[in-house]
Amino acid sequence: MAETRTKMLIIGSGPAGLTAAIYAARAGMEPIVVQGMQPGGQLTITTDVENYPGFRDVIQGPWLMEEMQAQAEHVGTRMVWDQIVDIDLTRRPFRAVGDGGDVYLAETLVIATGAQAKWLGVPGEVELGGKGVSACATCDGFFYRGKKVVVIGGGNTAVEEALYLTNHSEDVTLIHRRDSLRAEKILIDRLHANPRISVLWNKAVETFVGGEGTAGLVGVDLVDTVSGEKSHIATDGAFVAIGHKPSTEIFAGKLPMDAGGYLIVEAGSPKTAVPGVFAAGDVADHIYRQAVTAAGMGCMAALDAERFLAEHGVVGA
Ligand code: FAD
Ligand code: NAP
């Protein structure tokens, strides 16, 4: 098993991890990025990206991440194809273990392991992903301007997504499996006051239904969770909003987390409770969850890590 030493280990190769790498490499820190099972992160599973600054025309998520990785490598980042399965943060250098047993000893650590949307796991969901089925209204709502959309879920995220979608659509239906929402009252009040939103209570999605050929989503088959009655609602877009799960299992008991499993950082900073360990992007952010905010936090983590190394007498190459 190989043992590799580095001034900075970055776990995760989404916008947060790669931006941290670009800044760290340019500061001479020779960072190593462990890519994980989803090289490039969440944007590699989407198509059109229209809100990442710097591009007049629509760009593709996978292309953006290829470019980000190329930029990081160009300035001196080493990319490693591995998944971290265990970590020791009790002393420096921090010790991370890959799934093949390789060991990484790091003076500083940037955790950029992101979060994953929870999915329903019903037929049609995977096949129609990016073709009508989405988990991000801020990202994809624009594509449903003037069209009919549904949102599935009953928490804050679902209600916020439904409210946001009324900026684009006059016909938004919230589908919830129970007869009451768990979202905060202020959001529920806004939801009920909005004439563009209707709610279908006690309904669970059985199937996302696609049209002929490349038509994409055309409707959703539902079942009543009380009566068992089946029904169908025609729709152009379906937004699954049943929560997100941050990828923080390996940090359980090692770093403070909130009730949702998100890493806790100092307000306005990527610093975790362990000096020298920084967290950036969706793994520490349950509110914004955007590529540009993740990239910004990655930048902050690299700059803080650089300062940390200087304060501890480890300077750039
Ligand atoms: P992620 O992109 O989630 O990357 C996490 C990385 O960590 C991955 O590389 C993964 O392999 C790695 N990893 C996880 N665990 C480990 C481990 N144990 N060891 C090693 N590596 C690990 N945002 C926008 O701004 N605009 C959009 O248009 C947009 N569209 C989206 C469409 C979809 C379908 C989805 C799901 C999200 C979209 N987002 C969009 C949100 C955006 O993708 C995220 O906010 C952003 O990717 C978060 O970046 P991140 O670097 O924090 O984490
Ligand atoms: P959440 O509070 O866990 O709510 C998830 C919703 O999805 C629940 O209504 C749940 O139904 C439903 N659901 C879960 N699994 C389902 C399934 N398999 N089929 C159908 N429905 C399913 O998640 P969230 O809304 O993403 O919020 C997560 C956390 O972030 C919360 O703490 C929330 O307060 C916070 N948040 C805050 C804000 C804000 O402050 N503005 C915004 C967004 C999120 P049940 O109700 O029946 O369980």
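In this predicted model, cysteine 299 has a relative accessibility of 15% and therefore counts as buried, the limit for that class being under 20%. A search of the whole structure returns one disulfide, which is formed by cysteine 136 and cysteine 139. The sulfur atoms of cysteine 136 and cysteine 139 are 2.0 Å apart. The torsion about the S-S bond of this pair is about 65 degrees, so the disulfide is right-handed. The two partners fall into separate accessibility classes: cysteine 136, at 19% relative accessibility, counts as buried, whereas cysteine 139, with a relative accessible area of 31%, is partly exposed.

Backbone atoms of the protein approach oxygen atoms of ligand 1 at several positions, including glutamine 35, where a backbone N or O atom lies 2.8 Å from an oxygen atom of the ligand. For alanine 16, the corresponding distance from a backbone N or O atom to an oxygen atom of ligand 1 is 2.9 Å, and for alanine 112 it is 3.3 Å. The protein covers 95% of the 1,000 Å² of accessible area that ligand 1 has on its own.

Around ligand 2, the shell consists of 15 residues, and the closest are Asn156, Thr157, Glu160, Arg178 and Arg182. This shell divides into two nonpolar, eight polar and five charged residues. Arginine 178 places a polar side-chain atom 2.6 Å from an oxygen atom of ligand 2. Backbone atoms also take part in the contacts with ligand 2: a polar backbone atom of glycine 154 is 3.0 Å from an oxygen atom of the ligand, and a backbone N or O atom of glycine 155 lies 3.3 Å from an oxygen atom of ligand 2. Of the 900 Å² of accessible area that ligand 2 has on its own, the protein covers 68%.

A pair of aromatic rings is described by the distance of the centres and the angle of the planes. The structure holds three aromatic pairs. One of them joins phenylalanine 55 and tryptophan 63, with 5.7 Å from centre to centre and 80 degrees between the planes, an edge-to-face arrangement. Phenylalanine 55 has a relative accessible area of 33% and is partly exposed; tryptophan 63, with a relative accessible area of 35%, is likewise partly exposed.

Another pair consists of tyrosine 144 and phenylalanine 239, whose ring centres are 5.6 Å apart and whose planes stand at 85 degrees, so this pair is edge-to-face. Tyrosine 144 belongs to the loop between helix 3 (137-140) and strand 11 (148-152), while phenylalanine 239 lies in strand 17 (residues 237-240), so the pair ties together parts that are 95 residues apart in sequence. Both tyrosine 144 and phenylalanine 239 are buried.

Technical notes
Residues are numbered from 1 along each chain as its sequence is written. Chains are lettered from A and ligands numbered from 1 in the order in which they are written. This is a predicted model: local features need pLDDT of at least 70, side-chain atom pairs count only at pLDDT 80 or more; totals for chains, interfaces and linings use all residues. Side-chain values use heavy atoms; hydrogens and water are left out. A residue is near a molecule or strand if one of its heavy atoms lies within 4 Å of it. A polar contact is a pair of N or O atoms within 3.5 Å; within protein, one must be able to donate a hydrogen and the other to accept it, and residues adjacent in sequence count only if both atoms are side-chain atoms. Accessible areas come from the Shrake-Rupley method with a 1.4 Å probe; for residues, only the protein chains shown count as cover. Ala, Val, Leu, Ile, Met, Phe, Trp, Tyr, Cys and Pro count as nonpolar, Asp, Glu, Lys and Arg as charged, and the others, Gly among them, as polar. Rings of Phe, Tyr and Trp (its six-membered ring) pair if their centres lie within 6.5 Å; planes under 30 degrees apart count as stacked, over 60 as edge-to-face and the rest as tilted. Buried means under 20% relative accessible area, exposed over 50%, partly exposed in between (1.4 Å probe, protein chains only). Helices (H or I, at least four residues) and strands (E, at least two) are DSSP runs, numbered from the N terminus. A disulfide is a pair of cysteine sulfur atoms within 2.5 Å.
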